[in-house]
Amino acid sequence: MIPLLLIMLVVFGFILGSFVNAFVWRIHQKKNWVSDRSECTHCHHKLAPLDLIPVISWLLLHGKCRYCHKKIEDTPLAELAMPMLFVVSYAWWPMQLEGKGLIAFIFWLVFLIGFLALTIYDFRWFLLPDKIVFPLVGLALAQVIAISVYSADWRYAANALGGALVVSGIFYLLYQISKGTWIGGGDVKLGLVLGLLAGGVLEGFLVLFAASAAGLAATLPQVVRGKAGRKTQIPFGPFLILGLIVVTLFGADILDWYAGVVYG
């Protein structure tokens, strides 16, 4: 029997994925993301409820606006990715879903919403907007404090700060050395969030390694085919987020495997 929590995660995942699509567009267009209604980006016709059913509306409309028949810029990928991320996180969550583990899981689901928004925004416009990053920094600090207080263990906070110093600190040095040509300021700020959530110095380095490996795997084929070069702009934020997801869900297993290889 499928757990009720899993069903709820799938349903809310589809709904929140649709919200992320609208949220990203409104942030970019400097619209009020709470009060402004969704509209076609071409003809600006306000969308009806039947136009906003996650995935299904896009399929029924064949990816075109009902009113002007131009291609819908938003794809259902976000609406599909959100429930998938929720389900994967539920299936491979490294802690028991009680006490500290449940608190961290609830925070994690909220972070995934922000991370998906940042991923879409960075892929589209090569920018990690402060309007999304700064609330995530505050949320990460809130999580660290909440778990530290709940568990009465401030070593958790110390380890989280160590992770933040590693990820954000390295990015800050790269940003200063290259004067912003190697890495953007948004990555430095995002590094604070990723480092705090990574939960430690080793985990912070592992996030950087996983992100770099993912970025290399994604861009190397383009370089080989001559479609990318040294001056090609690559959004690194999504790979950093992917690195954190891998470390959060599988980092303990990876570190245990590495220790076994090194120390026998």
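Here is a short tour of the model, stop by stop, with what to select at each one.

Before you click anything, note that this is a predicted model: local features need pLDDT of at least 70, side-chain atom pairs count only at pLDDT 80 or more, and totals for chains, interfaces and linings use all residues. Residues are numbered from 1 along each chain as its sequence is written, and side-chain values use heavy atoms, with hydrogens and water left out.

**Stop 1: helix 1**

Select residues 4-28, which make up helix 1 (helices are DSSP runs of H or I, at least four residues, numbered from the N terminus). Now colour Leu4, Ile7, Met8, Val11, Phe12 and Ile15: together they form a nonpolar surface patch with about 570 Å² of accessible area. Patch members have over 30% relative accessible area and no salt bridge, and nonpolar side chains (Val, Leu, Ile, Met, Phe, Trp, Tyr) are joined within 5 Å; the areas come from the Shrake-Rupley method with a 1.4 Å probe, only the protein chains shown counting as cover for residues. Ile7 is partly exposed at 42% relative accessibility (buried is under 20%, exposed over 50%, partly exposed in between, with a 1.4 Å probe and protein chains only).

Move along to Phe19 and Phe23, four residues apart in helix 1, about one turn of the helix. Phe19 is partly exposed at 33%, while Phe23 is buried at 13%.

Then pick Arg26, also in helix 1 and buried at 9% relative accessibility. Its side chain meets that of Ser38 in a polar contact of 2.8 Å (a pair of N or O atoms within 3.5 Å; within protein, one must be able to donate a hydrogen and the other to accept it, and residues adjacent in sequence count only if both atoms are side-chain atoms).

**Stop 2: the cysteines**

Cys65 is buried at 4%, whereas Cys43 is partly exposed at 33%.

**Stop 3: salt bridges**

The whole structure has five salt bridges (a side-chain nitrogen of Lys or Arg within 4 Å of a carboxyl oxygen of Asp or Glu). Select Asp51 and Arg66, whose closest N and O atoms are 2.6 Å apart. Asp51 sits in the loop between helix 1 and helix 2 and Arg66 in the loop between helix 2 and helix 3, so the pair ties together parts 15 residues apart in sequence. Asp51 is buried at 11%; Arg66 is partly exposed at 39%.

Next, take Arg124 and Asp74, bridged at 2.7 Å between the closest N and O atoms.

Finish with Asp153 and Arg155, bridged at 3.0 Å. Asp153 is partly exposed at 24%, and Arg155 is exposed at 61%.

**Stop 4: aromatic rings**

There are eight aromatic pairs (rings of Phe, Tyr and Trp, its six-membered ring, with centres within 6.5 Å; planes under 30 degrees apart are stacked, over 60 edge-to-face, the rest tilted). Go back to Phe19 and Phe23: they are stacked, 5.6 Å centre to centre with 20 degrees between the planes.

Last, select Trp93, Phe105, Trp108, Phe111 and Phe115, a cluster linked by ring pairs. Within it, Trp93 is buried at 11% and Trp108 is buried at 2%.

Key:
Patches are made of residues with over 30% relative accessible area and no salt bridge: like charges are joined within 9 Å, nonpolar side chains (Val, Leu, Ile, Met, Phe, Trp, Tyr) within 5 Å. Helices (H or I, at least four residues) and strands (E, at least two) are DSSP runs, numbered from the N terminus.
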